[in-house]
Amino acid sequence: MTVARDIPEREALKYEFKSDRKRLPDGELIDTVVALANTEGGTICLGVEDDGTPTGIYQDHAGTTKLAALVANKTVPPVPARVSTLLLNANGVMDEDGVQIVEIEIPRSTAIVSSSDGKIMRRKLKADGSPESVPLYPYEIITRLSAIGQLDYSAFPLPDTSIDDFGSEETARLRDILSRSRNSDQALLELSDEEILSALRMTTTVDGRITPTVTGILLAGKPEVISRTIPTSSATFQVLEGTEIRVNQDFDQPLLYTIEKVYEMLSPWNPEREYEDGLFRQSIPEFDHRAYREALVNAFGHRDYAALGRVRVLVDDEGLTISNPGGFVEGVTIDNLLTVEPHGRNECLMGALKRIGLAEKTGRGVDRIFEGSLYCGRPLPDYSGSTSASVSVFIARSAPDRLFMQMLDEERERTGRPLSLKSLLVLDALKQQRRLTITELSSQTHTTDAVTRSIVEALVEAGIVEGIGNASNRSYILSSKVYARSGKGSGFVRQSDIDKMRYPELIMKLARQQGGEIRRRDVESLLHLTEKQAYRELAKLVEKGALELVGQGAGARYLVVK
């Protein structure tokens, strides 16, 4: 029998055990506090051995207020630790007769934290998966500050560079992209080259001299200058068929060139499928062009240029993977990707990419990535391969769902506008799971119940979704016309008739709760039925002898037959 522990069985990135049988030195405790604060926060269990066995605390550490003050006094800026005591038995379970341990909860800091004697630490996982606290080196501080939104490395001026370090071909390419893109800031075309560079924050003035910024050299610098000043900006495009390498090309050129070239290189490996839509034939690529471009621009725009590594685009038998160094920034997780307020690591660089027309101006490029899959009824983009050190998105190879696409096209023609991303997510969830409640849909789409209910009711009005059951246990499925279009009408019957079989049971239960009687309007409200449907359900119960009709018209009542 497994016993639920009140502390974990083993240490993790956010959980550290510290033995205190011999008094734990303050320096070792503070190093761990600093490391947790500089990573993701976490908890220190003082008085627990490395194998997870509680052995108790040293008497000097018995006061929670004293420990909290020690942590605050020995860290810069002071870390507001939350200290509490627990009594645990040998199995790590709360027990009044157990030994006393101390839990020290450390919040994730929004600044770089050091010990009072100047040590800066961070947490990392070793090769065997166990955690450790290691120094945070100077070159890693930029990465940390960028991740928590305290610094924009892409806006830094680059010393020992000048305006002559921009390539003439790249400034011409910049103008060409501006003129071709429908989403670009066309007013920039009226400026001189130097004015464009300044307007896009590709240059700044330092001591009265025009100096390129990191953004400027990244976008349009000469390759040899990029190699000297930002050697981390490289990229790789790879194609694998089985284990055979078909393409393996590295890029060390400016981003304007690299983004366009890598985008073009997918074409031979992105076959299109045709399907008939009425009198027309429509071509659907295996990987949506807009989704691919947005994922590509996001990888270059949000990567950590202070960290070694490269943007990698991989096409293989399973699908398309785009990854970049640098994990999600503070506040962004896999779960809230589609709902969190847009913000990134390199605001200066992304601002330039938006004005040039390469990036989504709203900052919601990830929406485009998901829409590319949703509109074709394909599996959603998968970010589960992302870690604290990198972001990775996988788009699976999959045939488009022709009938699902037809349904979306018909709705767009009816309303004159495409369905919203949240509506598409709801439909996709119902398509995959068949039948879900509002709470379940909210969990899958990462929205509130109120927002989800509004979306679902709009889809019900459009005739795409139908509700089943009463208010307290109401669930939703794709409508009968959607199932009929797909030739799976039996699927709709199977889904919708589950609750219909329970109608008599629910009616009788309500009647008994109301003192042995029920009216037609009660049934309408309970089961969300029309007047005629409610009457038919009551008539069936009268015919079976379960209910007795008393009165006529609006005053008619149905009594439970005892």
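In this predicted model, helix α2, which covers residues 64-73, has Leu-67, Leu-70 and Val-71 as its buried residues. Looking down the axis of α2, these buried residues fall within an arc of 95 degrees, so they line one face of the helix. As for what the buried residues of α2 pack against, the partners are helix α1 (26-37) and the strands β2 (42-46), β3 (75-76), β4 (82-88) and β5 (99-106).

Between two of those strands, β3 and β4, runs a loop that holds Pro-77. With a relative accessibility of 35%, Pro-77 counts as partly exposed. Setting aside neighbours within four places in sequence, Pro-77 is in contact with Ala-111, Ile-112 and Val-113. Arg-453, on the other hand, is 376 residues from Pro-77 in sequence and 44 Å from Pro-77 in space, C-alpha to C-alpha.

Helix α13 (residues 421-433) packs with helix α15 (residues 449-461) at an angle of about 80 degrees, and their axes are 10 Å apart. That angle makes α13 roughly perpendicular to α15. On the α13 side, the contact is made by Lys-422, Ser-423, Val-426 and Leu-427, while α15 brings in Val-451, Ile-455, Val-456 and Leu-459.

Key: Residues are numbered from 1 along each chain as its sequence is written. This is a predicted model: local features need pLDDT of at least 70, side-chain atom pairs count only at pLDDT 80 or more; totals for chains, interfaces and linings use all residues. Side-chain values use heavy atoms; hydrogens and water are left out. Buried means under 20% relative accessible area, exposed over 50%, partly exposed in between (1.4 Å probe, protein chains only). Helices (H or I, at least four residues) and strands (E, at least two) are DSSP runs, numbered from the N terminus. The arc is that of the directions from the helix axis to the C-beta atoms. Contact means heavy atoms within 4.5 Å. Axes are lines fitted to C-alpha atoms, for helices over the stretch in contact, and angles run from 0 to 180 degrees between N-to-C directions. Angles under 35 degrees count as roughly parallel, over 145 as roughly antiparallel, 65 to 115 as roughly perpendicular and the rest as oblique.
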